[in-house]
Amino acid sequence: MDQIHPRHVADVDPASLYGNDPRRAWPERPWVVANMVESVDGATAVAGRSSDLGGDDDLAVFRALRGVADLILVGAGTVRAEDYGPVRLPEAIVDRRLAQGRPPVPRLAVVSGRLELDPDARIFSGYPIVITAEASDEARRAELETVAEIVVTPGPSVDLGYALGLFRARGVEVVLTEGGPSIIGQLVAAGLLDELCVTIAPVVAGGDSARLVAGVGPFDPPVEMRLERVLVGDGDLFCRYLTVR
Ligand SMILES: NC(=O)c1ccc[n+]([C@@H]2O[C@H](COP(=O)([O-])OP(=O)(O)OC[C@H]3O[C@@H](n4cnc5c(N)ncnc54)[C@H](OP(=O)(O)O)[C@@H]3O)[C@@H](O)[C@H]2O)c1
């Protein structure tokens, strides 16, 4: 994989590159980075899943970004669509985290209002966090309490800003969201997204999957991002943007 912007560097290692990027938590919330893959024509899923879009290099960047996170935030739609499992990372990334005095892998937090999550699903073998709203069904909450830590935010639906504040108070500095589009949309709309890492896969997918940011906007004027870095590998482009503040 080569870096092609801001200058050419051959054969870069994504784990050390993303691992060394500066990310500073805000006093009231963690730094929030999103990572998504899309086709050239902007599809985020093929047949309802994103796994066919990314290749080996995308997996390396995906893992590198997991390596920098204290917590991974993901919507229940993505957990159901992709059958998320507990977080596993390559040994080199685990060693790097341990050397920094951090836990071997980040925790996973799932956002859900309806709580229609199967307690026997793979994800629950890793005792994730489930973030839900005060208005959610109490019986469903009690059932999931046996396999997950439940975090409740006030109001009819999950307030992501409130949840991020709770995590910051617990010492979380970097949150990685892996989507889906509705989660990224809410974060952008609330001004909570700091960094966006987008893989553009060299395929045209067509279809009507959501764009990377869904359910919000159009923003007028659009939210301005600054292109910080571009890598290329296997025909994929790996673009790293920072929100202009
Ligand atoms: N290309 C990529 O990198 C990528 C990454 C991730 C996902 N995807 C694709 O995106 C699709 C899923 O996207 P999506 O937008 O439907 O799913 P999503 O954003 O992962 O999840 C949506 C669900 O999250 C919960 N949710 C989100 N915000 C909430 C709030 N404020 N309060 C309460 N609950 C909230 C709801 O769950 P409940 O229904 O449980 O209440 C909602 O149905 C899949 O096809 C997946 O493959 C692609």
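The residues of the shell around the ligand divide into 13 nonpolar, 13 polar and six charged; here Ala, Val, Leu, Ile, Met, Phe, Trp, Tyr, Cys and Pro count as nonpolar, Asp, Glu, Lys and Arg as charged, and the others, Gly among them, as polar.

Q: What kind of model is this, and how are residues numbered?
A: This is a predicted model, in which local features need pLDDT of at least 70, side-chain atom pairs count only at pLDDT 80 or more, and totals for chains, interfaces and linings use all residues. Residues are numbered from 1 along each chain as its sequence is written.

Q: How many residues surround the ligand, and which are the closest?
A: The ligand is surrounded by 32 residues, the closest being Gly-75, Gly-77, Gly-113, Gly-179 and Gly-180. A residue is near a molecule if its C-beta atom, placed from the backbone, lies within 6 Å of it.

Q: Which element gives the largest share of that shell?
A: Helix 3 does, with five residues. Strand 2, helix 3 (76–82) and helix 7 each supply at least two. Helices (H or I, at least four residues) and strands (E, at least two) are DSSP runs, numbered from the N terminus.

Q: And Gly-179 and Gly-180: what sort of peptide bond joins them?
A: A cis peptide bond, with omega about 0°. Gly-180 lies in the loop between strand 7 and helix 7.

Q: Turning to the sheet, what is the strand order?
A: The order is 1-9-10-8-2-7-3-4-5-6, in an open sheet of ten strands with mixed pairing. Two strands pair if DSSP finds at least two bridges between them.

Q: Why is one side of strand 1 and of strand 6 left without a neighbour in the sheet?
A: Strand 1 (2–5) and strand 6 (149–153) stand at the edges and each has a single partner strand, so one side of each has no neighbour in the sheet.

Q: In which sense do strand 8 and strand 10 pair?
A: Strand 8 (residues 195–201) and strand 10 (residues 236–243) pair in the antiparallel sense, over six bridges. Ile-200 has Leu-237 of strand 10 as its bridge partner.

Q: Where is Ala-47, and is it buried or exposed?
A: Ala-47 lies in the loop between strand 2 and helix 2. Ala-47 is exposed, with 10 other C-beta atoms within 10 Å. A residue is buried if 20 or more other C-beta atoms lie within 10 Å of its own, exposed if 12 or fewer, and partly exposed in between, with C-beta atoms placed from the backbone.
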